[in-house]
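Subject: Structure handover

Hello,

Here is the structure for you to look over. My notes follow below it.

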Amino acid sequence: MNFKSPQINLYVDNLEKSKGFYQKLGFTQTFVAEIDGKPVHYELILDGFKLGIASKESTKEIHGLNPGQNMGCEIVVWTEDTDSAIQYLIENGATMLSHPHNFLNDLRSGWIQDPDGNPIQIVCKRQK
């Protein structure tokens, strides 16, 4: 058995809004799946990490799944300046979960939610 090309899929209410949000994080689109000419799934990539986003509606119709809001995992994105990155994301549709704060010896981190409530940790190494 050989497994390869892992990715995380998020189920979202508004596919285009979510795609735009993740593109503002720096993700670029690599794939789109359409049904009757309408996008139902995008794949995006950032620094080798692949993220899929699929509409909740299509997931119910096509696969018989009833996805809910996932709080059991998070996406982590490293940056040079956590505070500035979080402010930028708030201005572009994110909701604050945890204000930036220092932790461990040299890290600064904060959490936001994407437009569908999926948690994203924004983290950087602190300048010494």
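Is Asp36 buried or exposed? Asp36 is exposed, at a relative accessible area of 81%. Here buried means under 20% relative accessible area, exposed means over 50%, and partly exposed is in between (1.4 Å probe, protein chains only).

First, the ground rules. This is a predicted model, where local features need pLDDT of at least 70, side-chain atom pairs count only at pLDDT 80 or more, and totals for chains, interfaces and linings use all residues. Residues are numbered from 1 along each chain as its sequence is written, and side-chain values use heavy atoms, with hydrogens and water left out.

Two loop residues

Most residues other than glycine have a negative phi. Asp36 is not a glycine, yet its phi is positive, at about 55°. Asp36 sits in the loop between strand 2 (28-35) and strand 3 (38-46). Helices (H or I, at least four residues) and strands (E, at least two) are DSSP runs, numbered from the N terminus.

Leu104 also has a positive phi, of about 50°, and is not a glycine. Leu104 is exposed, with a relative accessible area of 67%.

Four strands form an open sheet in the order 5-8-7-6, with mixed pairing. Strand 5 (75-78) and strand 6 are at the edges. Each has a single partner strand, so one side of each lacks a neighbour in the sheet. Neighbouring strands here are turned by 20° against each other on average, direction ignored. Two strands count as paired if DSSP finds at least two bridges between them. In general, strands of a sheet pair through backbone hydrogen bonds, either parallel or antiparallel.

Strand 7 and strand 8 (residues 119-125) are an antiparallel pair, over seven bridges. Gln113 stands opposite Pro119 of strand 8.

Helix 3 on the sheet

Helix 3 lies across strand 6, strand 7 and strand 8. It runs at about 10° to strand 7. Axes are lines fitted to C-alpha atoms, for helices over the stretch in contact, and angles run from 0 to 180 degrees between N-to-C directions.

Look at Thr82, which belongs to helix 3 (residues 82-91). Thr82 is buried, at 0% relative accessibility. Which residues does Thr82 touch, leaving aside those up to four places away in sequence? They are Pro100, Arg108, Ser109, Gly110, Ile122, Val123 and Cys124. Contact means heavy atoms within 4.5 Å.

Salt bridges

The structure holds four salt bridges. The criterion is a side-chain nitrogen of Lys or Arg within 4 Å of a carboxyl oxygen of Asp or Glu.

- Asp83 is partly exposed, with a relative accessible area of 33%.
- Lys125 is in strand 8 and Asp106 in the loop between strand 6 and strand 7, so distant parts of the chain are linked, 19 residues apart. Lys125 is exposed, at a relative accessible area of 52%.
- Glu43 is buried, at 15% relative accessible area, and Lys50 is partly exposed, at 24%.

Best wishes
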